[in-house]
Amino acid sequence: MSDEPWDLDPVADAYDAAAALDDAISALGHDGEQRPGQAEMAAAVVTAINDGGTLLCQAGTGVGKSLAYLVPAALAAASGRRVVIATATLALQDQLVTKDLPLVAAGLAQRLGHPVRWELLKGRNNYLCRHRWEEHAQQQLDIDDGPVSAADIGRGQQLAEIGRWVRLTRTGDRSELAVAPDGRVWSSVSVNSTECVGAERCPQGHRCFAEEARARSARADIVVTNQHLYCIDLFGDGYLFGPHDAVVFDEAHQLETVVTQVAGLEITPAGFARLASEARGVGAGGAAADAVADMATRLTSELEPLRDTRLGAITGDLASLLEVADGRVEQLAAELRSANSADSADLERLRVARMAAESLTALRVAADPPAGTVILVEGRGRLRLAPLDVGDLLASRLWGRQACVLTSATLGPHFVQRLGVPAADHTYLAVQSPFDYRSNALLYCAKHLPAPTQEAHRAAATEELAALISAVGGRTLALFTSWRALNDTADALGEVLSDIRILRQGGDLSNTALLEALGNDSATVVCGTMSFWQGVDVAGPALSLLAIDRLPFTRPNEPLAAARREAAGSDAFMTVDVPNAADLLAQGAGRLIRTTVDRGVVAVLDSRLATAGYRARLLDPLPPMRRSIDRDETLEFLNAIRELHDR
């Protein structure tokens with residue numbers, strides 16, 4: 001970022017942005033097409049960067065929002081500005097740097113006059129650590145002559161594949177591996193930011209993959225990263241991304257969740273157990289390590305009766321337990337801090353000492369939480385602290401410091417308040433999808449079904465879903481709000497739909513393999529829970545029915561949501577619950593129509609969408625599909641799709 005921005009040429013005006021967008025689209029060849037909404041969004045992004053303002057843009061599916069912000073980013077880079085693009089998924093990051101940015105650069109080459117430099121920056125644990133690889137992985141490759149388990153052989157094979165890859169890779173980024181290694185295998189050859197001892201201490205620091213990636217990103221005009229890493233830097237020392245003139249948050253509807261995670265902390269039994277295990281692994285700790293390991297059992301015992309609750313404060317027995325844990329971790333940390341050279345054993349002790357220091361920091365924050373913190377107990381012994389409202393955090397660190405562009409297919413105006421965007425200092429833009437939803441899609445609400453609160457709902461909804469699936473011949477993604485509903489329904493469908501393959505999340509296939517199966521065989525149903533409500537992209541007739549078992553309201557006893565309801569007061573249902581459900585419902589429904597030729601039905605098996613007084617708020621963010629509560633009309637529509645594609 002220049003200290004004297006007035007000495008720079010303007011990024012572009014709206015006319016230049018439109019012309020540049022045309023150039024980029026031309027570079028796509030037959031895959032490119034003019035989209036009015038895309039041009040409108042690109043002009044708004046240019047204005048935001050020029051003015052240093054904040055833009056929230058809801059861009060419907062098919063608008064082509066990636067090009068709409070990449071072209072302005074490239075124009076900004078040409079005028080000497082730096083832009084960071086923070087996405088929600090690793091897959092989108094890889095797409096931007098391997099496909100979209102090269103196309104934009106090629107299309108704008110003549111207009112820009114010089115190359116645009118971009119780099120991808122991920123969290124440290126996504127890169128192989130050369131030190132850990134050379135010190136430990138080779139030992140693991142030597143399988144003893146004695147009996148070995150299938151798991152040992154599998155780990156050895158994965159490490160051997162990593163070894164072949166290490167000799168060839170330039171980046172050390174694990175996404176380059178043809179087959180993703182098991183999490184435990186990868187963690188043995190990587191470090192996170194807490195565990196890293198620093199390039200100046202590490203004997204491999206001069207050739208560290210993560211440090212090289214950071215050095216390249218510091219020289220880049222455009223840096224592509226993920227929201228999680230950007231927020232870690234935002235709430236840390238800010239050295240990862242350095243000064244930049246603009247940041248673009250893609251899939252910005254997830255920003256609140258990311259900030260909540262990053263600005264909070266967790267204390268878990270698994271954390272104590274791992275710290276003790278790592279200390280023993282480097283020959284340190286002894287009784288001190290045993291004492292820390294004992295905290296895992298004690299924390300579970302203390303918090304088990306309180307699971308899924310919100311605590312008003314850290315008091316009594318829990319406060320005493322955290323004090324004991326503090327003392328034990330401090331003692332272990334003191335024994336580990338003896339490392340003071342670049343000797344490999346000392347470096348490993350230092351790595352574990354940094355883990356202990358991180359644990360101490362969490363314990364001390366938990367003992368005296370900052371104002372506005374919600375204290376939660378989740379699962380079996382997980383103590384979590386989270387900010388009640390992320391708006392104040394973002395207001396003090398983000399808004400007004402550089403241009404900010406937030407975009408998503410489901411970014412309603414209510415996000416202005418939820419994210420703390422200054423009311424008088426932002427622009428909101430809603431760009432409609434170019435898809436012909438009214439002709440190609442039907443939103444069906446099974447109004448005749450019993451309410452989800454009634455015992456008869458599950459059986460009736462399953463029977464309804466089976467009829468819809470039969471009509472379309474499979475081709476279905478069924479989304480559920482709970483694992484129990486998913487499994488019960490999948491079991492029942494398997495009994496009545498003998499000619500259709502019923503697959504479920506959490507079974508033998510990975511999430512990626514489930515979607516591939518859906519794409520490869522029309523007579524397939526995939527049943528998924530929350531991770532399938534967003535980010536799934538199955539284009540074409542393979543997905544012609546998107547079924548939703550019930551409206552995705554947050555559980556009443558979910559502690560963080562309960563705290564935010566309490567803070568919202570008497571209007572909490574309409575200001576917290578309904579907007580959250582509307583956003584997620586729109587995300588789920590958005591899985592159906594992904595191209596101009598897709599056709600299908602979104603079937604909501606929850607009568608409240610047709611009867612509740614708040615239904616308009618739920619329907620408003622949905623694509624403009626034709627709506628129906630007529631079962632026969634819906635079955636006829638699905639039958640027509642089946643006949644068209646079975647010819």
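## Basis of the model

Helices (H or I, at least four residues) and strands (E, at least two) are DSSP runs, numbered from the N terminus. The model is predicted: local features need pLDDT of at least 70, side-chain atom pairs count only at pLDDT 80 or more, and totals for chains, interfaces and linings use all residues. Residues are numbered from 1 along each chain as its sequence is written, and side-chain values use heavy atoms, with hydrogens and water left out.

## Overall fold

The protein contains 26 helices and 18 strands. Its C-alpha trace spans about 75 × 65 × 60 Å along the principal axes. The radius of gyration, taken over C-alpha atoms, is 26 Å, which agrees with the value near 26 Å for a compact globule of 647 residues; the globule rule is 2.2 Å times the number of residues to the power 0.38.

Of the 647 residues, 52% count as buried, where buried means under 20% relative accessible area, exposed over 50% and partly exposed in between (1.4 Å probe, protein chains only). Contact means heavy atoms within 4.5 Å. Among contacts with a separation of 6 or more, 79% are between residues 24 or more positions apart.

## Helix 3 and A77

A77 lies in helix 3 (residues 65-78). A77 counts as buried because its relative accessibility is 4%. Leaving aside residues up to four places away in sequence, A77 touches H114, V116, D221 and I222.

## The loop at T410

T410 sits in the loop between strand 10 (403-408) and helix 17 (415-418). With a relative accessibility of 6%, T410 counts as buried.

The side chains of T410 and Q587 are joined by a polar contact of 2.4 Å. A polar contact is a pair of N or O atoms within 3.5 Å; within protein, one must be able to donate a hydrogen and the other to accept it, and residues adjacent in sequence count only if both atoms are side-chain atoms. Residues up to four places away in sequence not counted, T410 touches Q58, H253, F415, D583, A586 and Q587.

## Helix 22

Helix 22 (residues 559-568) has P559, L560, A561, A563, R564 and R565 buried. The cover over these buried residues includes helix 11 (255-263), strand 7 (309-311), strand 8 (373-378), strand 9 (382-387) and helix 23 (572-589). After helix 22 comes G569, with a positive phi near 80°.
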